[in-house]
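Subject: Structure for your review

Dear colleague,

My notes on what was found in it follow directly after.

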Amino acid sequence: MAAPQQFFSYVDGNAGSFIQRLAKAVAIPSVSGDGSSRKHVFAMAEFLAHEMEALGIQVNSVDLGNHVLDGEELPLPPVILGSFGHDPKKKIILVYGHYDVQPALVSDGWDTDPFVLSPDEKTGRMYGRGASDDKGPLLGWLNVLEAHIKSNIELPVNLRFCFEGMEESGSEGLDELINSRVGPGEFFDGVDCVCISDNYWLNDRTPCVTYGLRGIAYYKVQVSGPQRDLHSGVFGNTVHEPMTDLIHLLGQLVSTKGEIKIPGISSLVAPVTADEMKRYEVLDYTVADIEHSAGAQVAISDNKTRVLMGRMREPSLSIHGIEGAFSAPGAKTVIPARVSGKFSIRLVPNMTPENVDILVFRYLQEEFAKLGTKSALKIENLHGGKPWLADPNHWNYRAAIKATETVYKKTPDLTREGGSIPVTLTFAEALGVNVLLLPMGRGDDGAHSTNEKLDRSNYIEGTKLLGSYLHEVGIISKS
Ligand SMILES: C[C@H](N)C(=O)N[C@@H](Cc1c[nH]cn1)C(=O)O
Ligand SMILES: [Zn+2]
Ligand SMILES: [Zn+2]
């Protein structure tokens, strides 16, 4: 049976309180990538555990120990494991989400305070860091449970929750935790399938279900020289300058057309098949969609398929920033003594962080040697994760497609996502079950960007979608 009407009515009737729940979550600046925010990541974990317990979920916040971030030893945020339902006649569905967010400062260019959920009544957009990635989708699962409990509707499945607080910073400790709890009687034992809501539609009109993710290999390249920062008038043209060396090195990584210059990378990429080409052609997508999401006419190609393939099935290399460089307003005449370039490569089948590391380290060392500088080079891999592909013909996908048709009256696009969620492959391999990505947000949500938003309708209809999906998987008989 599809999700009952009372479920939809409860969600519509309680949209205001669901938005309040999201506002409370957005107000906690749970940025995992900067040490000074760590206490807020813990506060977010407590908030979530409290919300879950209030719904009758059995919660276990698992301590993952410590790690080192930028030279500082810090406690890792807990993984929140939750159980609701132990009926042997029902399937066990594992849902995953992350409660940490990317950094956000008003000075980055936000029009509102990033940690205050700011709805625009005219457009229905709700602005705030994490609204779409991933606090809105994560809370969507709790909204679903609340709607069932308060409307006295039996949940058609047993639910297991796995919420982490380090996804935006390499998911440290999570794989080990999962692998240690897959045995008989352990938390992940008996899971029938996994659903993750943590990516985005291709555009702002057509929902999608997603069967692939790119992996990632993230690097820090440090160039150092003088013992301290120097006066450029006194030392310019007399010493090797680390910033100049680093800029030359970073300039050798990728062309302005997006082609990766590191030898050997392209031969790791799996060849395209004819079937795969057909999948791009049928997607509801135009080059204007990516330009709308980017907010400017900046697409690398005018060809829809080329753009889609660039996001879904080819690697990319992006340069993210330079630590230690002068970046404040004004015109300081400094020669920075030590600078670190940060870049990452998105990985596709058959690339792995390990086989890419070998190529990257060798290439950077060779190119650095060509500079003939007396500066020193240090290369680090900060984190990595493999790409993932699932079978979209599985019943888990059929349930998601049916639920989307019920809620949105549209057949969803079948997509691969350009971003990375490293735990997806861990779940697939460690539990041996199908994993599905069922996004809530739109392609123009601005995840990781300034003015991130989630449309009110995506939050509310998205909550209905997650609930409908549970009803669809619930009616598929348990084998
Ligand atoms: C797709 C997901 N919502 C996401 O944003 N993932 C991040 C994961 C990550 C990896 N390193 C840092 N963050 C992403 O794809 O960037
Ligand atoms: Zn993210
Ligand atoms: Zn995310």
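The domain bounds used here come from an automatic or database domain assignment. On that basis, the chain is divided into domain 1 (5-214 + 388-475) and domain 2 (215-269 + 314-385).

Two conventions apply throughout. This is a predicted model, in which local features need pLDDT of at least 70 and side-chain atom pairs count only at pLDDT 80 or more, while totals for chains, interfaces and linings use all residues. Residues are numbered from 1 along each chain as its sequence is written, and chains are lettered from A and ligands numbered from 1 in the order in which they are written.

Domains. The C-alpha centres of domain 1 and domain 2 lie 34 Å apart. Across the boundary, 6 residues of domain 1 are in contact with 9 residues of domain 2, contact being defined as C-beta atoms, placed from the backbone, within 7 Å of each other. The side of domain 1 that touches domain 2 has 2 nonpolar, 3 polar and 1 charged residues. In this classification, Ala, Val, Leu, Ile, Met, Phe, Trp, Tyr, Cys and Pro are nonpolar, Asp, Glu, Lys and Arg are charged, and the others, Gly among them, are polar.

Asp100 is placed in the loop between strand 5 (92-98) and strand 6 (118-120), and Glu167 in the loop between strand 8 (158-164) and helix 5 (174-179). Helices (H or I, at least four residues) and strands (E, at least two) are DSSP runs, numbered from the N terminus. Asp100 counts as buried because it has 27 C-beta neighbours inside 10 Å, and Glu167 is buried with 24; the cut-offs are 20 or more other C-beta atoms within 10 Å for buried, 12 or fewer for exposed, and partly exposed in between, with C-beta atoms placed from the backbone. Leaving out residues up to four places away in sequence, Glu167 touches His98, Asp100 and Ile421.

Strand 8. Strand 8 runs antiparallel to strand 4 (residues 79-84), joined by 5 bridges, and parallel to strand 5, joined by 7 bridges; strands pair if DSSP finds at least two bridges between them. Ile80 stands opposite Phe163, and Ile93 has Leu159 as its bridge partner.

For "binding site", the unreviewed UniProt entry lists His98, Asp133 and Asp198. These residues span 101 residues in sequence, but no two of their C-alpha atoms are more than 8.2 Å apart, so they gather at one spot. His98 lies in strand 5 and Asp133 in helix 4. Histidine 98 has 28 C-beta neighbours inside 10 Å and therefore counts as buried. Beyond four places in sequence, Asp133 is in contact with Asp198, Ala447, His448 and Glu452.

Of the 13 residues around ligand 1, Asp133, Glu168, Asp198, Gly419 and Ser420 come nearest, where a residue is near a molecule if its C-beta atom, placed from the backbone, lies within 6 Å of it. Helix 4 (131-150) and strand 11 (215-224) are the elements that give two or more residues to this shell. By class, the shell has 4 nonpolar, 4 polar and 5 charged residues.

Yours sincerely

Note on methods: Contact = placed C-beta atoms within 7 Å. UniProt positions renumbered as here; feature names shortened; annotations may be inferred.
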